[in-house]
Each structure stands twice: as structure tokens, then as C-alpha cells.
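Student: Could you walk me through a few features and how to read them?
Tutor: Gladly; have a look first.

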Amino acid sequence: MPASVEPPQARRDLKTLDDLTTAVETVGLTKRFGSRAAIDSVDLQVPRGSAFGFLGPNGAGKTTMIRMLLGLTHASAGTMSVLGRPVPAERSEALARVGAIVEEPRFHPQLTGRENLRIVAAARGPETHERIVPALRRVGLSERADEKVKKYSLGMRQRLGVARCLLADPLLLILDEPTNGLDPGGIQEFREMIRAMVEQEGRTVFISSHLLDEVEKICDHAAIVDRGKILMQGAISELAEGSTRHELIVGVDDPLRALELLQASDSVLQAQRSDEGLRVVLGEVPDTTPAESVAAVNAALVGAGLAVSRLEPVRQSLEKRFLEVTSRLSDSTTEEVLS
Amino acid sequence: MNAATPIAPAPAGPRRGSPVTIAAQMTGADILKLRKKRGILTWSLVLALAPILIYFVVAVIQHASSPASHGPAGGVQNFSDGLRVIALFFGPLAALLIGVEAGTGDAAAGVFRDLVVTGRSRLALFATRVPAALAVTVAMMLGAYALLLIGTFAFASNLPTPSGTLIFDGLGFTLLGTGVLCVVAVGFASLTTSKPAAIIALIAWQIVASPILANIKSLGSSREGLMSQAIAHFSPVHVGEGGHGATVVLSGGTAVVVLVVWVAVFLVLGAWRTATMDA
């Protein structure tokens, strides 16, 4: 019987590591606890070299997803790969260049920060020990590295958790709610560190969070997850602009007259005065693009003899988009958000 | 946090380092965890050393206060009594505490998942607990045995002292009794993942249930399967009614098989649980 001409999957992956475009890929990934699906047929692509936000409300399945990617729990169905390696088949190779913090970072409290890193370095391999000192320096714990971890604050433990991740010289960092316990200064430093890792070092950072503001500030790609399903994923700007809600700030010489005109217009859902001018929410008109609706508003105002000094689309925030697509839309907050 | 300081780059591809080097480093890391667990270490030291100290202090006081009715505190007889204390009673308890700590320490501290995330095989993570626990146990029991020998010779007065063979056999017996208990404890604790449950169950079995079962003659030859009886078979000094000092009479081959089965079963169960549990 002739030998297969196909190289083993692992060797193929190893050769193409530099060419990988996705750091994480899942297809139909499912995790069931009894009859309840914590993760339900998720197709996820995390672009390599990006800061990727995995955004969802509490209980959406974020941590379960991370635990499956890291081989901490088995998937019920579907396939996944991390850095081009199938998990769990090649878990060891896949995780060799992955650093992760799952839930809150935990350590042996009776050991010092440095000793805790030695424990993990021993499991990762001999070459890892030389990274302990620079990793501690990078997270600002050099001075406190020889204190027992039980004396550390939560913020310090978060930093030590990041240092533990760095021991792998990770191509991919997976961080679960990473800014928990950090003070405002620490959060700012953390953001800068993550951006430096992505932009200067080409690492991929996967951040799960329920904090929209945090994801919007740190990440350039995101997926919104709720009740175990990916509702949408893509670049942050695309996600926010994909909103069906289009708003304008309009500046005119006669706001009261303009308001009457706009409120009577079919293409305007809502118009009201604000500090910036008139805030106009455009309605959906069949066969009309948002740009055409904006032009129609301008034409109506100019046609009525009003001088239009400002016509500025309001940039949609990820927060609004998140609330639109998650289950929060169906509860009592909906009217508040859209009014 | 410093955004500018780079970390030394790692090579792409497979991990570096020989399996022996990695195993040695992981075992060293597990020893470090046990060494720094002050509470467990202190109690284990107390269990291993204090009974011998107390034994000799009491024997010395008795001999000093009433030399006619109490002989010198050292010599062969006192060596035998002390050997039973450290090899069959308190030494195994110390070994049990160390073994349980080794088996549950990572899970109890919540760091097991962080070790799994390194990509290192779960079986390797389990396997290194055994030599680490044994290393700490052996070091502790060597100390206890040294204390026993010091007392035996220092207070022997005109009494005969143990021969070189007896000293060697006694050391082997001590390390066998405590080593087997330690390994079984690592496996059992890894299986239960609960420190209190493992300690209570093992102490109840070894100190309470096993001696009772060994004395129920109606159980017949099934009593040969008791770990405590198999260990006692190898005692170089008299410890019971049966041959070689055991309560139950069993052959040397049977005793070896019984111990191997106990160790193997609990290592397999502990490894299985470590490899399959959600981290």
C-alpha cells in the first residue's frame, strides 16, 4: 500500500504558522450542560494580529467558550483550531505559544510571585525560565516579586497573571475579564500594554468582557455573544456602523421651524432639540440608503429656505449596537434606549 | 505595566528541553509547593518527629526516676518500639498528609487550570506529584529515623544496640511503610480532589478500619488484601500475631503483590481523574 503523499497535519500547520490569518477558528462549536446549550453552534474567526473582543452580558457563554479553546473542558460538538492546530487533538502544540487568564487569576498563596512563575515555567519548558525577570518587569512587579502572593491585591494578581501569560512568549493571549480589580491608572496601563502587544509585537489578544467601553477602547475586532450564540462579529467600526439606527446632528438658522418640518417628514423617525443642535433619528425608507435619507433631509430644509450650517452623522457606539442585538433589546430597557 | 519592554522571543515549533530535564524541573516545582506549604509541613514534621522525641523523653525520665523498674531508654527493645511508632503509626500519617497535599494542592489553589493551559500533558502534571511527595516524605522520615537511632544509641547504657542489618532493615521498612501510604494518598487525593475528604477517608481506613478488619477472623484470607498487613509483613521487628509480625499471615510474594496492586490502582485512578476532569 503506497504511503500517503499528504504531510501530517501538524507539519503542514507548522510550516504555515507565519501565514496564518486566523488565530482562532471554530466551526459549529457547541457545549451542552444537560439539555441547555451554553455555547450553541458557534462559528468564530479571530484575525491574527488583532485585539479581539468577545463581548457579551454575564452568563452569555464567554468563559465556557474560552475553557473549550484551552482544553479545560470538552466540546459537545463542532471543531476548533488555535494557531492553526486542531484542539484537542494537538492541544499541547497549540497551547505552547498561548497565554491565558481564565476567570480571576489564581496562584499558590504560600509562594512568592516569582516562585509562582517558576512553577508555570517548569511546566512550559526550560527556555521559559529566562523570561521570568522580563515578564515581571513588564507588568511592573519587579519590586514585589519576592513577596508572597497572599499579600498581593487583586490588581497585583491580575498583573502577575499577565506575567504568567508572557512566559509563553504568546502569539495568542486569551484574557477573561482582564481589567477586573485594576484601578483607573492600571486599566489605562493595561490598555496601552495590550495595544503595544498587538501593534508593535504582532501578538493576537482575545479579550472576553461584558464591559463595552473597555472592548471599544482596546479592540479592533469583536464578536457579540448572547445566550451561547454569536450574534455578529467583525471590525469594531463595522459592528457599530452596522446599526439600523442612523442619527444626525443638524444645525440650522431657525431650529423651531426646522423641527416642525422634520417631524412631519416620512424619512425622519424622531427629531428633537439638543445642546448641539437638532438631533434627528432617520427612519428606514424602502429602497433608500442612509446617505440618500440624509440628502433628503438636507434638501427639505434648504427647500424651505433654511440655512443649514451643520449636517453631521452621529457615530454609533458599540454600546448601542450591543444593546440592539443582544437579548437586552427584548426587555424593559429597549424603550429607554431607543427613545 | 510597561508597554515598551519586550519579552525574549520563543522559538516557533515544538517545545525544547529533554523529557528528563522537564520532568526534573516539574518535580522540583512540586517539591517547592510542598516545602512552602507551612501548615502541612509543620504537622507532618510534628507527626514524624514528635512521637519519637516524646518517647525518648518519657523513657529517660522514667529510667532516671526509677532505674529498678524502668531500664535505659535506648537499646534494641526501645529501637523496636520506636520503629513501630514511626513506621506503622505516625510516619504513615505524616506521609498521608504530604501525599494528599501533593494530590490536591493545584486544584485547591485553583491553579490546575493554569498548568493545563501550558499545554503540558495532564498525565505529566499528575506524574510529577508522586516523586515530589515521595522526596519530601523520604527526607522527613530520614530525619525521624536518624532521631530514633540517636536515641537508641545515646540512651542504650549497658543494653545491646541494633545490628547493622537491623538498622538497614528498619530503614527500609520505614521508607516502605510511609512511601506506600504517600503514593496511595497522592492517587486517592487526585481522585477525590478534596483535601479534607481524602485525609479523613485515608486516616479512617488506615487507623480505624484496617486494624478492625484484620482482627475479624471470619473474613479469612480476604484479609491478606489489606495494605496495612502487607506492609507489616516486612517489619524486621515483632508487631503482631502473624508471621513476620503481621496480624494476618501472608507470604512474601502475596505481600508484594498486594502492595503493588494498592499503589497501581490508586495511581491509575488518580491519573484518570486528573486527565479527564474539567479544569
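Student: Into which domains is chain A divided?
Tutor: Domain bounds come from an automatic or database domain assignment. In chain A, domain 1 covers 9–236 and domain 2 covers 246–315. Their centres, taken over C-alpha atoms, are 45 Å apart. This is a predicted model, where local features need pLDDT of at least 70 and side-chain atom pairs count only at pLDDT 80 or more, while totals for chains, interfaces and linings use all residues. Residues are numbered from 1 along each chain as its sequence is written, with chains lettered from A and ligands numbered from 1 in the order in which they are written.

Student: At what angle do helices α3 and α7 of chain B pack?
Tutor: Two packed helices are described by the angle between their axes and the distance between the axes. Here α3 (residues 75–109) and α7 (residues 164–192) of chain B pack at about 30 degrees, with axes 7 Å apart. The pair therefore counts as roughly parallel (angles under 35 degrees). By class, their contact has 17 nonpolar, 10 polar and no charged residues.

Student: Is B:V180 buried or exposed?
Tutor: A residue is buried if 20 or more other C-beta atoms, placed from the backbone, lie within 10 Å of its own, exposed if 12 or fewer, and partly exposed in between. B:V180 has 22 C-beta neighbours inside 10 Å, so B:V180 is buried. This residue belongs to helix α7 of chain B.

Student: Which residues does B:V180 contact beyond four places in sequence?
Tutor: Contact means C-beta atoms, placed from the backbone, within 7 Å. B:V180 contacts B:M227, B:I231, B:L259, B:W262 and B:V263, leaving aside neighbours within four places in sequence. B:W262 is 82 residues from B:V180 in sequence, yet their C-alpha atoms are 8.5 Å apart.

Conventions. Axes fitted to C-alpha atoms, helices over the stretch in contact; angles between N-to-C directions. Helix = DSSP H or I, 4+ residues; strand = E, 2+ residues; numbered from the N terminus. Parallel < 35°, antiparallel > 145°, perpendicular 65-115°, else oblique. Nonpolar A, V, L, I, M, F, W, Y, C, P; charged D, E, K, R; others polar. Contact = placed C-beta atoms within 7 Å.
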